[in-house]
Amino acid sequence: MSGPFLSSARRTPRRRRRAIVALVAAGAAVVLLGVAFGAIALLERDSLPRGATIGGVDVGGMSEDEARAAVARDAAARAGRPIRLVAPGGELAATSGREVRAEPLVEEAIDAVAAEGIFARVLDRVGLRSGPAVELRYRLGPVPVAKLADRLDRRFGTPWRDARVVVDAEAARVVDARAGTGVDRHSLRRELRTLPSRVELEIVPIRPVVSRAEAEIALARIERLLDGPRRVRFGDAEATLTPTRLRGLLRTEREDGSLGISLDPKGLGASLRIRLGRYESAPRDATFEVGAPGVSVVPSRPGRALDVPRIGRSLVSNLESTTHLARFRETAPALTTEEAEKLDIRELVSEFTTYYSCCQPRVTNIQRAAQLLDGTVILPGKAFSLNEALGKRTVEKGFVAAPQIFDGRLEDAVGGGISQVATTLYNAAFFAGVKLVAHQAHQFYISRYPMGREATVSWGGPELIFRNNWPAAILMKVSASDSGITVRFYSRKLGRRIETETGKPYAYTAPRTIRTLNSSLPPGTASMVQSSGESGFTVQYTRRVFRGDELLANERYTVRYDPQNAIVEVGPPKRATEKPKPKAEPKQPTTPEPPPTGETTTAASG
């Protein structure tokens, strides 16, 4: 075959080869593009899109945690910057994010940025588009924003008021409503949600909610209520409310566009209880009774109280009736029988007793503290503070002045002696195996207490605090006689066991006598303020707390006691009395003896 037909046949295979090569190249390009796409997607997996911003903060390429921290820092700074509030007339006011309690919605913004698709992220990565720009919004406090709006209303608006009813000793009358202007509160809240630097305020008309017609309806009901006495009866008792008394109890309030009337519940209750209070009974809490077999729960009992709100509603709604039935409601005890049973207080887990001499003023304080502490329940996980339980020791609370240690000496103070309560309580807590949070030993050793294992307290510190770190509650029973105080802890043993050792004292320091000037004493006199007592020393003691065979705590305590020094106050020095000088006799000339060899003497001239 020759001619054009042959030429065409030869060209056809070449075209096919070129097409195949082109297809292979295109496929390779697609594969390479896919590989690149996958690689970029893998790189972007744990970071935010390139070029992304949140509230103007560049978070592109950051991890979510890094972005969260950066945005939070900027938001905290932004919350302190002033926001200019511009009224229509150009007048200015200001606020800030802090004033409106703005809380940045950081998670919401990060979620919006992270939601961008992978294709868009690849485009961001290669620079074909910029990342998303998300506005940071803030949650605003409703009350602070309302207070801000009220402040702006007073400055830029005109006062408005609802129609109302005024009740005085003579009559009841309607006061007309009045329209006004104020800040558009919806617009203000919307604009502040991003904490901009400037907000244009919108001042809008404000129409009263309660009209004169609604106030007239309320006035008619009030006049009907006041047209005679109203009686509240129960059994053979009856409380009478005169029109004069009802006038003093009347209240009006806006209710869905109308004006409702009500009676002040506190004043109404006081008026009703004069005659009907004998039918009320207080609830009785569940208590714990300690006996030989253990601890039992004394059941609680609900109380009964006048249902004052319900009686008040009956008086203002049933205006045709002049006599109303007293209603009562059940009042729940603070601790019910069921709740007390769940506290799991069953048996004695620790006790400790310390002794004292009878009839001293400090005994009065110890006994008063015991009264206040007896029956205290410490829930699981809760801490007990002796200072919080007793409060400040005052004469009004039944405490008296008695000696206590202050700055190395014994001084009288109201509540002196409470440290013996602290020591006894500390040891009961010690042997109950609870967590000892805060305690401090006395400044010097007192022989009626265990060496080192004791505690002192004072209002304002030192403190005695421990925590019930066991799963059952603790009932504290405290009793104080004329000669000693005992603290008992009741709970469940739960396998608790305490081991303790006290070492021998060491590093003794003998007491010394300290003299201090007292200018009020006669000159040259002295007065013994405090006799010397025990020497100072250091002692260590341990505690190991077990639950069954499990060691829960292994503790060592070191206590350093100061010596109890003698303190003597001395008066100012006594002035020396001047004696007359004797008359000088004329000196007789003498012949000095010759000095020993090697010495010289100079004779004084006569």
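**Figure 1. The largest nonpolar core of this predicted model has 47 residues.** L386, L425, F466, M476 and F489 have the most contacts inside this core. Several helices and strands contribute. The helices α12 (361-373), α13 (386-390) and α14 each supply at least two residues. So do the strands β29 (474-480), β30 (484-491), β35 (536-547) and β36 (550-561). Helix α14 gives the most, with nine residues. A second, separate core has 34 residues, including A67, F156, V183 and V199. In soluble globular proteins, nonpolar side chains tend to be buried together.

**Figure 2. L425 is in contact with residues beyond its own stretch of sequence.** Neighbours within four places in sequence are left aside here. The contacts of L425 are then F384, L386, L464, F466, M476, V487 and F489. Among these, L386, F466, M476 and F489 are listed with L425 as having the most contacts inside the largest core.

**Figure 3. Helix α14 covers residues 418-432.** This helix has 15 residues. At 1.5 Å a residue, α14 should span 21 Å. Its end C-alpha atoms are 21 Å apart, which agrees. Of the 15 residues of α14, 14 are buried, so the helix is largely enclosed by the rest of the structure. G433 follows α14. The phi of G433 is positive, near 75°. An α-helix has 3.6 residues a turn, so residues three or four places apart point the same way.

**Figure 4. Three strands form an open sheet in the order β33-β37-β34.** The pairing is mixed. Strands β33 (513-517) and β34 (526-530) stand at the edges. Each has a single partner strand, so one side of each is left without a neighbour in the sheet. The twist averages 30° from one strand to the next. Strands of a sheet pair through backbone hydrogen bonds, either parallel or antiparallel.

**Figure 5. Strands β34 and β37 run antiparallel.** Strand β37 covers residues 566-570. Four bridges join it to β34.

**Figure 6. C358 and C359 form a disulfide.** The count for the model comes to one disulfide. The sulfur atoms of C358 and C359 are 2.1 Å apart. The torsion about their S-S bond is about 55°, so the disulfide is right-handed. C359 is exposed, with a relative accessible area of 66%.

Definitions and conventions
Residues numbered from 1 in each chain as written. Predicted model: local features only at pLDDT ≥ 70, side-chain atom pairs only at ≥ 80, totals over all residues. Heavy atoms only, no water. Pairing = 2+ DSSP bridges. Axes fitted to C-alpha atoms, helices over the stretch in contact; angles between N-to-C directions. Expected span 1.5 Å × (residues − 1). Buried < 20%, exposed > 50% of the residue type's maximum accessible area, 1.4 Å probe, protein only. Core = buried A, V, L, I, M, F, W, Y, C linked by side-chain atoms within 4.5 Å. Contact = heavy atoms within 4.5 Å. Disulfide = S-S within 2.5 Å.
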